[in-house]
Amino acid sequence: TSLISQMFRANYSYDSRYLITVTARRDGYSGFGANNKYGVFPSLALGWNVANEDFFGSLKDIMSIFKVRFSYGESGNQAISAYQTISKLDNKDYLIGSSLAAGYTPSTLGTPSLTWETTRSSNLGIDYAFLNSRISGGFDIYQNDTRDLLLKRSISAVNGITSIYENIGKTRNQGVEFSVQSDNIRMKKFGWKSALNMT
């Protein structure tokens with residue numbers, strides 16, 4: 001099998017307050033059918049360093065980091081091994097009377113339109129830090145929707161086989177994540193840090 005990818009990424013930051021990242025990937029996989037070997041997967045990420053705004057003022061002495069961010073994008077998954085999209089025959093010997101004859105039987109039906117699984121992800125989050133970063137962490141709300149899942153579908157045995165790969169089905173994964181880290185003790189020969197993560 002062979003994989004080939006191209007990626008474009010552009011980052012822009014204005015006054016360490018407004019952040020933009022734009023990304024586009026083009027991935028190709030030799031294992032897919034002739035019609036759909038390539039997939040293009042874009043993404044966009046935005047960030048706002050609220051703590052760097054003038055109106056934040058004296059609050060920065062208490063809250064050194066307060067950043068709001070949002071991202072949306074797509075990613076692909078090939079999820080099949082080689083030769084799953086082409087028609088194949090297997091060797092099979094046949095008994096004709098008392099003689100053994102070589103033959104073939106279908107093992108795979110071709111699926112030239114098979115293509116990438118695609119996951120669309122969106123995330124809204126906040127990063128924060130208090131007391132000169134002695135306490136820091138983040139909060140995220142996320143949702144991942146995957147479509148065109150690469151799964152086997154049962155078909156009638158009249159075709160000579162009982163299943164084929166198709167882009168069918170979809171899944172959704174969503175939730176929240178919270179994290180906090182604390183730098184409890186800072187000494188020359190001793191330090192104590194703790195972290196908590198909940199999803």
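**Aromatic rings and overall build**

Modeller: One aromatic cluster is formed by Y29, F32, F41 and W116. Rings of Phe, Tyr and Trp (its six-membered ring) pair if their centres lie within 6.5 Å; planes under 30 degrees apart count as stacked, over 60 as edge-to-face and the rest as tilted. Keep in mind that this is a predicted model, where local features need pLDDT of at least 70, side-chain atom pairs count only at pLDDT 80 or more, and totals for chains, interfaces and linings use all residues. Residues are numbered from 1 along each chain as its sequence is written, and side-chain values use heavy atoms, with hydrogens and water left out.

Colleague: How many aromatic pairs does the structure hold?

Modeller: Centres and planes decide what goes on that list. The structure's count of aromatic pairs is six.

Colleague: Are the rings of F56 and F66 stacked or edge-to-face?

Modeller: Their centres are 6.3 Å apart. The planes meet at 20°, so the pair is stacked.

Colleague: And is F56 buried or exposed?

Modeller: Buried means under 20% relative accessible area, exposed over 50%, and partly exposed in between (1.4 Å probe, protein chains only). F56 has 8% relative accessibility, so F56 counts as buried.

Colleague: What about F66, then: how much relative accessible area has F66?

Modeller: F66 falls in the partly exposed class. The value for F66 is 23%.

Colleague: How many strands does the protein chain have?

Modeller: Helices (H or I, at least four residues) and strands (E, at least two) are DSSP runs, numbered from the N terminus. The protein chain has zero helices, and its strands number 12.
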